[in-house]
Amino acid sequence: MGSDEQTVEPPSLALLAAEGRGFLDIPALIAVAAPLLATAPRGQRHPVMVLPGLGVDDRSTLAIRSFLEFLGYQVHGWGRGRNVRAPDADLAAVVARVLELEKQGGSKVSLVGWSRGGIIAREVARQIPAAVRMVITLGSPFAAPGASNVRTIWRLLTGQKYQPPTAERISRLAQPIPVPSTSIYTRTDGVVAWRACLEQEGGERENVEVNTTHLGLGFHAPALWVIADRLAQPAGSWKPFRAPPQVGVWFPTATRRD
């Protein structure tokens, strides 16, 4: 069930202060999880675009993109510099780039978006669903975009006052998109409320929980496994995520495969 903007509160300041621990996922990814991730599912080679979160650029998604390149996908950053412009300011350019990648690659494009990048990815899919294979989001508060600590972050990044989303925009962002979608979220997210990241489950929509922070999502081995598993699905044969036994301990019981 999706979240209601009016009932979702931003994360506590304690959770926000604890965000730094997410960077511990980087050495864990290199030293511990790499052998398991090397066995992650591989699917049909096709274009994948990875979109960064608020205030950062393609360098922030290097771990995700490197992993997906290792798995054999045609991986692209969003190529738009830092993600600091007003809402929807980059939408037309990203739509055009996705259409270009679809034409070049000869197949639909999968979109992976971290935080604000995931919101953009969903709106791209809403505009050109025929060109998008699936959307995977990481900590993206599309169901309640105001339920976050972004106000403070936005002011620090841009020096401008944060303009909260309008009621019309809130309603639009929360609506399901017309392509398969997976939302990866963590209950210890200190930047956005985890309930704001929940899809309206049903059809080809799902929510997958992992245990990290908002800043850790792009380096977290379980999140990377989910991305690989979703991308490996044959086109037109979507099934909900279930973690296989070899990585079952990474996930809550509800997502494990017996």
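This is a predicted model: local features need pLDDT of at least 70, side-chain atom pairs count only at pLDDT 80 or more; totals for chains, interfaces and linings use all residues.
**Stop 1: strand 5**

Select residues 181–186, which form strand 5. Six of its six residues are buried, so the strand is mostly covered. Colour the two faces separately. Ser 181, Ser 183 and Tyr 185 lie on one side, while Thr 182, Ile 184 and Thr 186 lie on the other. Both faces are covered.

Strand 4 runs parallel to strand 5 and is joined to it by four bridges.

**Stop 2: the nonpolar cores**

In soluble globular proteins, nonpolar side chains tend to be buried together. The largest nonpolar core in this model has 35 residues. Select Leu 68, Leu 138, Ile 184 and Ile 227, the members that touch the most others. Among the elements that each supply at least two residues of this core are helix 2 (25–37), strand 1 (47–51), helix 3 (62–70) and strand 3 (109–114). Which element gives the most to this core? Helix 8 does, with eight residues.

Stay with Leu 138 and show what surrounds it. Beyond its neighbours within four places in sequence, Leu 138 is in contact with residues including Ile 64, Val 112, Trp 114, Ile 184, Leu 217 and Ile 227.

Then select Met 49, Leu 51, Trp 78 and Leu 101. These belong to a second, separate core of 20 residues.

**Stop 3: helix 5 and helix 7**

Select residues 116–127 for helix 5 and 167–174 for helix 7. Their axes are 10 Å apart, and the helices pack at an angle of about 75 degrees. An angle from 65 to 115 degrees counts as roughly perpendicular, so that term describes helix 5 and helix 7.

Show the side chains where the helices meet. Helix 5 brings Ile 119, Arg 122, Glu 123 and Arg 126, and helix 7 brings Arg 169, Arg 172, Leu 173 and Ala 174. By class, this contact has three nonpolar, no polar and five charged residues.

**Stop 4: Ser 107**

Finish in the loop between helix 4 (91–105) and strand 3, where Ser 107 is found. Is Ser 107 buried or exposed? Its relative accessibility is 18%; buried means under 20%, so Ser 107 counts as buried. Apart from neighbours within four places in sequence, Ser 107 is in contact with His 46, Pro 47 and Glu 102.

Notes: Residues are numbered from 1 along each chain as its sequence is written. Side-chain values use heavy atoms; hydrogens and water are left out. Axes are lines fitted to C-alpha atoms, for helices over the stretch in contact, and angles run from 0 to 180 degrees between N-to-C directions. Angles under 35 degrees count as roughly parallel, over 145 as roughly antiparallel, 65 to 115 as roughly perpendicular and the rest as oblique. Contact means heavy atoms within 4.5 Å. Ala, Val, Leu, Ile, Met, Phe, Trp, Tyr, Cys and Pro count as nonpolar, Asp, Glu, Lys and Arg as charged, and the others, Gly among them, as polar. A nonpolar core is a set of buried Ala, Val, Leu, Ile, Met, Phe, Trp, Tyr and Cys residues joined through side-chain atoms within 4.5 Å. Buried means under 20% relative accessible area, exposed over 50%, partly exposed in between (1.4 Å probe, protein chains only). Two strands pair if DSSP finds at least two bridges between them.
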